[in-house]
Amino acid sequence: MEAQPEETEASAEDVLTRLEQEGEIAADYLEELLDIADLDGDIDMDVEGGRASVSIISEGSDRQLQKLVGRDGEVLEALQELTRLAVHRETGDRSRLMLDIAGFRAGKRAELTELGTEAVERVKESGEPEKLRPMSPFERKVVHDAVKAAGLRSESEGEEPERRVVVLPA
């Protein structure tokens, strides 16, 4: 039995509502965190790529917010996991929420997209697979997306924290 168009629209609306609720819960949690840490920042919420997306941005200098990013985004990753746990505690559902602070992930995404695109060019030229450096799950996802957009395939290999993307020839 096929889903009726109304049912499909309703389920898409339900998913959007659930993701928006995740964003609201995350924003409240992060707002409290900023108050406790006595840091200024505005919270921006969105839904992109089938997941809630929350960003902490600063009106002035991002210098204070850099403390919440940490070296290579380590603090950001930990805060993202804590925020996901806060959402889980409220909803009972596992969250795939993405957190960005001071544009760190946006900048990283652009850098990784370029890395993936350059690797694709080298693989097309050589015809040989290319192993990239070990990356976090977020970084690997961005590179996989860039490789796919450029028309090649990629896969992940290895065990954390040494898991890496391998770009494969056509």
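## Salt bridges across the model

How many salt bridges does a search of the whole structure find? The structure is a predicted model, and the search of the whole of it finds 12 salt bridges.

## The largest nonpolar core

The largest nonpolar core has 18 residues, and the members that touch the most others are Ile56, Leu65, Leu68, Leu99 and Ile101. Two or more residues of this core come from each of helix H1 (5-37), strand S2 (51-57), helix H2 (66-69), helix H3 (74-91) and strand S3 (98-101). Among these elements, H1 gives the most, with 4 residues.

## Salt bridges within helices

In helix H3, Glu81 and Arg84 lie 3 residues apart, which is about one turn of the helix, and their side chains meet in a salt bridge with an N to O distance of 3.1 Å. Are these two partners buried or exposed? Glu81 is partly exposed, with a relative accessible area of 39%, whereas Arg84, with a relative accessible area of 16%, is buried.

A second pair of this kind is found in helix H5 (residues 137-149), where Lys141 and Asp145 are 4 residues apart and so separated by about one helical turn. Their closest N and O atoms are 2.9 Å apart in the salt bridge that they form. Lys141 is partly exposed at a relative accessible area of 45%, and Asp145 also counts as partly exposed, at 39% relative accessibility. As a general point, an α-helix has 3.6 residues a turn, so residues three or four places apart point the same way.

## Other charged contacts

Arg164 and Glu162 also meet through their side chains in a salt bridge, here with an N to O distance of 3.8 Å. Arg164 counts as partly exposed at 22% relative accessibility, and Glu162 is partly exposed with a relative accessible area of 46%. Elsewhere, a network of salt bridges links Lys108, Glu111, Arg133 and Glu139.

A count of aromatic pairs in the model, by contrast, comes to 0.

## Helix H5 and its surroundings

Helix H5 has 13 residues and reaches 18 Å from its first C-alpha to its last, which is close to the 18 Å expected at 1.5 Å a residue. The buried residues in H5 are Phe138, Glu139, Arg140, Val142, Val143, His144, Ala146 and Val147.

Just after the helix, Gly151 takes a positive phi of about 95 degrees.

Methods:
Residues are numbered from 1 along each chain as its sequence is written. This is a predicted model: local features need pLDDT of at least 70, side-chain atom pairs count only at pLDDT 80 or more; totals for chains, interfaces and linings use all residues. Side-chain values use heavy atoms; hydrogens and water are left out. A nonpolar core is a set of buried Ala, Val, Leu, Ile, Met, Phe, Trp, Tyr and Cys residues joined through side-chain atoms within 4.5 Å. Buried means under 20% relative accessible area, exposed over 50%, partly exposed in between (1.4 Å probe, protein chains only). A salt bridge is a side-chain nitrogen of Lys or Arg within 4 Å of a carboxyl oxygen of Asp or Glu. Rings of Phe, Tyr and Trp (its six-membered ring) pair if their centres lie within 6.5 Å; planes under 30 degrees apart count as stacked, over 60 as edge-to-face and the rest as tilted. The expected span of a helix is 1.5 Å times one less than its number of residues.
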